[in-house]
Amino acid sequence: MSLIGKTIEPFTANAYHNEEFISVSDENFKGQWSVVCFYPADFTFVCPTELADLQDQYETLKKLGVEVYSVSTDTHFTHKAWHDHSEVISTIEYIMIGDPSHRISRFFDVLNEEEGTAQRGTFIIDPDGVVQAMEINADGIGRDASTLIDKIKAAQYVRKNPGEVCPAKWKEGEETLTPGLDLVGKI
């Protein structure tokens, strides 16, 4: 079952952010665009490369009005320890949510029940808390955070311009499409 078009379920979780433990809930995803990046576990191999890559895009995402949240089934305490002991992870400025209860991972349908870890899932959520885009990769396939920029720009454009859609490879400022009978069979 796809989560596209579904509103995030209520939740509350502990997180690590800027040298502090904070509480995060579904309410944090309302009123702004959000990217939620699930990954299997702290202190692993592909995960730090992905989270560092996401950090490299963080400033651009912030300029687009997007907040970033990483999520694993580790605790917020483990996130802090990883942040304190990894040169790569110590650069992360976005919120790192702990999901030891697996509630968030289950809702987003990325929980590997046998291992108790999250799969590599990326979700774009609109200011109403509704999932607009998702990507889930196998454990051995790292993601490229730069691909989020154009997807978010397209999602923001479509939200501001009802009735228009963005074609494949659309870039900001390019032509969009207005679906209708006049386009049937002409694309």
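Phe-38 stands opposite Val-71 in β4, and this pair is a handy way into the sheet. The model is a predicted one, in which local features need pLDDT of at least 70, side-chain atom pairs count only at pLDDT 80 or more, and totals for chains, interfaces and linings use all residues. Residues are numbered from 1 along each chain as its sequence is written, and side-chain values use heavy atoms, with hydrogens and water left out.

Strand β4 covers residues 66–72; helices (H or I, at least four residues) and strands (E, at least two) are DSSP runs, numbered from the N terminus. On one side, β4 is joined by 6 bridges to strand β3 (residues 33–38), and the two run parallel. Strands count as paired if DSSP finds at least two bridges between them. β4 also pairs with strand β5 (residues 95–98), again in the parallel sense, over 4 bridges. Another right-handed β-α-β unit is made by β3, helix α1 (residues 46–63) and β4.

Zooming out, 7 strands form an open sheet in the order β2-β1-β5-β4-β3-β8-β9, with mixed pairing. Its edge strands are β2 (20–25) and β9, each of which pairs on one side only. From one strand to the next, the twist averages 25°. Contact here means heavy atoms within 4.5 Å, while axes are lines fitted to C-alpha atoms, for helices over the stretch in contact, and angles run from 0 to 180 degrees between N-to-C directions. Helix α4 lies across β3, β4, β8 and β9, running at about 145° to β3.

How much of β4 is tucked away? 7 of its 7 residues are buried, so the strand is largely enclosed by the rest of the structure. Buried means under 20% relative accessible area, exposed means over 50%, and partly exposed is in between (1.4 Å probe, protein chains only). Both faces of β4 are covered, with Val-66, Val-68, Ser-70 and Ser-72 buried on one side and Glu-67, Tyr-69 and Val-71 buried on the other. Take Glu-67: this residue counts as buried because its relative accessibility is 11%. Leaving out residues up to four places away in sequence, Glu-67 touches Gln-32, Trp-33, Ser-34, Val-35, Tyr-58, Lys-62 and Tyr-94. With Lys-62, the side chain of Glu-67 makes a polar contact of 2.9 Å. A polar contact is a pair of N or O atoms within 3.5 Å; within protein, one must be able to donate a hydrogen and the other to accept it, and residues adjacent in sequence count only if both atoms are side-chain atoms.

Now for the charged pairs. Side chains of opposite charge can pair when their charged atoms come close. With a salt bridge taken as a side-chain nitrogen of Lys or Arg within 4 Å of a carboxyl oxygen of Asp or Glu, the count comes to 12 salt bridges. One of them brings together Glu-50 and Arg-120 (2.6 Å, N to O). This pair links distant parts of the chain, as Glu-50 is in helix α1 and Arg-120 in strand β8 (residues 120–125), 70 residues apart. Glu-50 counts as buried at 5% relative accessibility, and Arg-120 is buried too, with a relative accessible area of 4%.

Asp-126 and Arg-159 also meet in a salt bridge (3.4 Å, N to O). Asp-126 sits in the loop between β8 and β9 (131–137), and Arg-159 in helix α4 (residues 147–160), 33 residues apart. Asp-126 is buried at 5%, whereas Arg-159, at 38% relative accessibility, counts as partly exposed. Lys-151 forms a salt bridge with Glu-135, the closest N and O atoms being 3.7 Å apart. Since Lys-151 lies in helix α4 and Glu-135 in strand β9, the pair ties together parts that are 16 residues apart in sequence.

Definitions and conventions. A crossover is right-handed if, with the strands pointing away from the viewer, the path from the first strand over the helix to the second runs clockwise.
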